[in-house]
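The stops below are to be selected in the order given.

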Amino acid sequence: MEATQQRIGDMTKQANWQKEKHVPVIECAERVKADEWVHVKVTLGKAVAHPNTTEHHIRWIRAFFTADGDKVIRELGIFNFAAHGESTEGADKGPVYTNHEAEFSFKTSKPGTLHALAYCNIHGLWESERRLDLD
Ligand code: FE
């Protein structure tokens, strides 16, 4: 039997964020001026909340940008969410939780596509994208 090799892209899930709680939601302007800062917010579970417990939570969100005509995807940021109620008393007994949301700014001289990846410790890798045009 021949072993199969999976690529990351084969294992990255997409869905409608209004129905599926794992899909990252990218919020930013639809059009901006070239080389002006674009404020971006990436959240998760906007329509259907995702759990945030020691056993089940979002570990990180990463954001990328592909400028039109660029052969290389550009990483914009890595946002780790490290606290999920861990405690010596046991799971979910701790006082501290990090919420799975990321805000940042970036600028670009070319229009393109914003990409977001989110990783759930139980349900794996999810992606979404959003078009960004320039005036
Ligand atoms: Fe999950």
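Select Val40 first: opposite this residue stands Phe104, in strand 6. Strands, like helices, are DSSP runs numbered from the N terminus (strands are E runs of at least two residues, helices H or I runs of at least four). The model is a predicted one, in which local features need pLDDT of at least 70, side-chain atom pairs count only at pLDDT 80 or more, and totals for chains, interfaces and linings use all residues. Residues are numbered from 1 along each chain as its sequence is written, and side-chain values use heavy atoms, with hydrogens and water left out.

Now extend the selection to the paired strands. Strand 6 (residues 102-106) and strand 3 are antiparallel and share five bridges; two strands count as paired if DSSP finds at least two bridges between them. Strand 3 also runs antiparallel to strand 1 (residues 24-27), with four bridges joining them. Within this pairing, Glu27 has Lys41 of strand 3 as its bridge partner.

Is strand 3 enclosed or open? Five of its seven residues are buried, so strand 3 is largely enclosed by the rest of the structure. Buried denotes under 20% relative accessible area, exposed over 50%, and partly exposed the range in between (1.4 Å probe, protein chains only).

Next, select Thr43, which belongs to strand 3 and is buried at a relative accessible area of 8%. Beyond its neighbours within four places in sequence, Thr43 is in contact (heavy atoms within 4.5 Å) with Val23, Pro24, Val25, Glu27, His100 and Glu101.

Proceed to His57, in the loop between strand 3 and strand 4. His57 is buried, with a relative accessible area of 2%. Its side chain reaches the backbone oxygen of Thr53 at 2.7 Å. A polar contact of 3.0 Å links the side chains of His57 and Arg59; such a contact is a pair of N or O atoms within 3.5 Å, where, within protein, one must be able to donate a hydrogen and the other to accept it, and residues adjacent in sequence count only if both atoms are side-chain atoms.

Finally, select the iron ion. Which protein residues are its donors? They are His22 (NE2), His50 (NE2), His56 (NE2), Cys120 (SG) and His123 (ND1), at 2.1 to 2.3 Å from the ion. Donors are N, O and S atoms within 2.8 Å of the metal (3.2 Å for Na, K and Ca); water is not among the atoms, so sites may look incomplete. Cys120 is buried, with a relative accessible area of 0%.
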